[in-house]
Amino acid sequence: MNELISDYSNFISDSPTSFHAAHVVSHRLEAAGFSRQDEGSAWAGHRNGFVVRGGAVLAWRIGEITPETGFRIVGSHTDSPSFKLKPTPASSAFGFGQVNIEVYGGPLLNSWLNRDLGIAGIITDLEGGVHFVRTPAVMVIPQLAPHLDRSANDRLELSRQFDYKPIWSIGDEELLEYLADHAGISPSRIAGHELFAYDVQDPAVLGEAGGSAFFASGRQDNLSSVYASLSAFLAGDNECEDISIFVAFDHEEVGSSTYSGANGPFLESTLRRISEALEECAGLALESSGYERFARMLANSSCVSADAGHSVNPNRAAKHDPDHHPVLGAGPVLKLNANQRYATEAEGSALWLRASALAGVATQSFVSNNDVSCGSTIGPATASRLGIVTVDAGIPLLSMHSVRELSSPVDIEALTKILEAYWAGA
């Protein structure tokens with residue numbers, strides 16, 4: 001457990017943005033012997049390969065091929081709620097240098113106040129080159145003192161435009177010059193940027209490592225699923241008759257309708273290319289080809305949409321369904337919703353329970369209180385785009401979408417084991 005906590009901590013610390021997370025995942029895949037495929041080049045037909053598209057990664061493992069071979073997919077997402085720098089990122093007011101930002105996704109906004117924040121992401125140059133950026137703590141969103149706002153402890157109402165505007169310097173300083181220096185390029189060469197605020201505080205374990213410990217860190221929604229699914233994927237082998245697919249999309253927190261999101265063609269187009277190359281890769285003649293083969297493979301496929309869920313908050317239990325109270329440390333949650341905000345249905349539930357039983361770990365169910373609307377995931381997008389059985393599941397969290405979320409390391413370990421069992425053929 002200590003080794004898992006240490007590795008998970010490092011994974012999160014090394015992944016302040018989706019771009020960094022994709023970079024870390026690709027390095028771990030390469031270290032495990034997977035070959036990188038350039039999407040713009042001819043398909044090489046690697047048995048163990050991966051592609052990177054911006055902040056998204058897709059990897060595959062091809063084992064024994066039969067007429068019944070399908071895809072076993074685990075999907076997650078690399079992005080988390082945050083603040084994104086605007087195209088003109090710097091301004092000044094009353095002697096302070098400030099950072100112009102807009103809200104990315106749905107963060108628990110007040111949790112970002114008074115925190116030590118860095119800036120991370122990518123800068124592109126005029127030739128299209130991509131340069132990674134990660135600063136140390138450089139800015140803070142200051143909150144008005146209670147002496148000046150007597151309602152602050154009773155009713156906090158803040159403007160996204162005016163109150164959530166970080167300060168980063170006293171006096172006029174050139175923010176773009178500072179960021180360009182961290183990217184290793186001249187400010188005059190900057191063509192564009194995808195830069196986000198991130199909390200620089202390291203992850204921490206609260207309590208003794210084990211079943212009663214809490215793990216505190218930002219970005220666990222949804223790096224918890226990226227980490228667990230990658231760990232399970234790398235622990236597998238080529239013995240399963242289905243093709244194992246690991247995919248971590250970007251932009252789930254803003255709707256997934258992007259070139260690297262789950263509503264885009266990234267997954268489908270890559271699966272098609274894998275399908276088209278099977279004969280050469282497997283070294284044998286297959287019964288069908290082209291679209292017929294791909295359609296047949298999809299009919300034999302399934303997907304686990306791995307995304308964090310909600311633990312019951314003991315201070316606000318009335319916000320949860322009275323008969324469904326998932327708790328930290330009691331296993332991953334199977335997420336269900338009558339209106340298909342989650343993709344789980346009866347057939348998918350059976351698949352999840354088979355994998356849980358094979359792994360020998362407990363699982364819980366999450367369903368929303370009827371008076372409280374729930375979020376959604378990449379699950380419905382994947383199920384509707386590909387037409388395959390899809391199940392939504394993930395570890396329970398407290399303080400989801402805050403700058404400091406809480407989980408149980410026991411659930412991370414359990415989710416990893418269930419996904420291993422799923423890829424093994426459960």
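Serine 256 sits in the loop that runs between β13 (243-249) and α5 (266-276). Helices here are DSSP runs of H or I with at least four residues, strands are E runs of at least two, and both are numbered from the N terminus. This is a predicted model, in which local features need pLDDT of at least 70, side-chain atom pairs count only at pLDDT 80 or more, and totals for chains, interfaces and linings use all residues. Residues are numbered from 1 along each chain as its sequence is written, and side-chain values use heavy atoms, with hydrogens and water left out.

Most residues other than glycine have a negative phi. Serine 256, however, has a positive phi near 70 degrees, and serine 399 has one of about 60 degrees. Serine 399 lies in the loop between β19 (396-397) and β20 (405-407). Serine 256 is buried at 4% relative accessible area, while serine 399 is partly exposed at 38%. Buried means under 20%, exposed over 50%, and partly exposed in between, using a 1.4 Å probe and protein chains only.

## A cis peptide bond

Most peptide bonds are trans. The one from aspartate 221 to asparagine 222 is cis, with omega near 20 degrees. Asparagine 222 belongs to helix α4 (residues 220-235).
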